[in-house]
Amino acid sequence: MALLPAPVHVVKGNNDGPDVEAPQTLELTLEGLRIGMIHDSGPAKGRLARLRRRFPEAALVVFGHSHIPLDESGDGLRIFNPGSPTDRRRQPHGTLGLLTVENGVLTRAEIVPVT
């Protein structure tokens, strides 16, 4: 399987200024997989249900804000925070996320340590 460059999609974060032109949330379909994106997913408690309500058609929601890596599933939804390669907050090291989508299915979700 050849790896091809993927399109880049972004949402606006809380530290982005007026010079950053990006939506607050985004819903898109990549390779047949319905994806939602939001910067701040809110408190940990109730997060999965809250994101399911916010993105009812999504199979995957990607978010950031806390910079704390997370890969969690439930109620037909997978939520994924890749963390941050540069601002590790309370984590032992920085991280980034790798997602592989094939034929409408998320076949791989990996949080990779950056040392």
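Which strand supplies the largest share of the lining of the largest pocket? That share, 7 residues, comes from β6, and the legends below set this strand beside its neighbours. The model is a predicted one, in which local features need pLDDT of at least 70 and side-chain atom pairs count only at pLDDT 80 or more, while totals for chains, interfaces and linings use all residues. Residues are numbered from 1 along each chain as its sequence is written, and side-chain values use heavy atoms, with hydrogens and water left out.

**View 1. The largest pocket and its lining.**
The largest pocket holds about 1400 Å³ of space, and 42 residues line it, of which A6, P7, L30, G97 and L99 are the closest to its centre. Here a pocket is, on a 1 Å grid over the protein atoms alone, an open set of points where a 1.4 Å probe fits, with protein on both sides within 12 Å along at least five of seven lines, and lining residues have an atom within 4 Å of a point. Grid points are joined across faces, edges and corners, and the volume is the space filled by probe spheres set on the points. At least two lining residues come from each of β1 (25-30), β2 (33-38), β3 (60-62), β5 (77-81) and β6 (94-102); strands are DSSP runs of E with at least two residues, helices are runs of H or I with at least four, and both are numbered from the N terminus. By residue type the lining divides into 25 nonpolar, 13 polar and 4 charged residues, where Ala, Val, Leu, Ile, Met, Phe, Trp, Tyr, Cys and Pro count as nonpolar, Asp, Glu, Lys and Arg as charged, and the others, Gly among them, as polar.

**View 2. The buried side of helix α1.**
In helix α1 (residues 47-54) the buried residues are R47, L48, L51 and R52, buried meaning under 20% relative accessible area, exposed over 50% and partly exposed in between, with a 1.4 Å probe and protein chains only. These residues lie on the same side of α1 because they cover an arc of only 135° around the axis, the arc being that of the directions from the helix axis to the C-beta atoms. An α-helix has 3.6 residues a turn, so residues three or four places apart point the same way. The cover over the buried residues of α1 includes β2, β3, β4 (70-74) and β5.

β1 and β2 run antiparallel and are joined by 6 bridges, with L30 paired to L33 in β2; two strands are said to pair if DSSP finds at least two bridges between them. The two strands form a hairpin with 2 residues between them, and E31 in its turn has a positive phi of about 50°. On to β3, β2 pairs in the parallel sense over 3 bridges, and M37 has V62 as its bridge partner there. Because 5 of its 6 residues are buried, β2 is largely enclosed by the rest of the structure.

V61 lies in strand β3 and is buried, with a relative accessible area of 0%. Leaving aside neighbours within four places in sequence, V61 is in contact (heavy atoms within 4.5 Å) with G36, I38, L51, F55, L77, R78, I79 and F80. Among these residues, I79 in β5 stands opposite V61, and β3 and β5 run parallel, joined by 3 bridges. β5 is mostly covered, with 4 of its 5 residues buried. β4 and β5 run antiparallel over 5 bridges, D71 having F80 in β5 as its bridge partner, and in the hairpin of β4 and β5, with 2 residues between the strands, D75 in the turn has a positive phi of about 55°.

β6 runs antiparallel to strand β7 (residues 105-114), to which it is joined by 9 bridges, and E102 stands opposite V105 in β7. In this hairpin, which has 2 residues between the strands, N103 takes a positive phi near 50°. V112 has its place in β7 and, not counting residues up to four places away in sequence, touches G94, T95, L96 and L98. R89, in the loop between β5 and β6, is not a glycine and yet has a positive phi of about 50°; R89 is partly exposed, with a relative accessible area of 39%. H67, in the loop between β3 and β4, likewise has a positive phi, near 65°, in a residue other than glycine.
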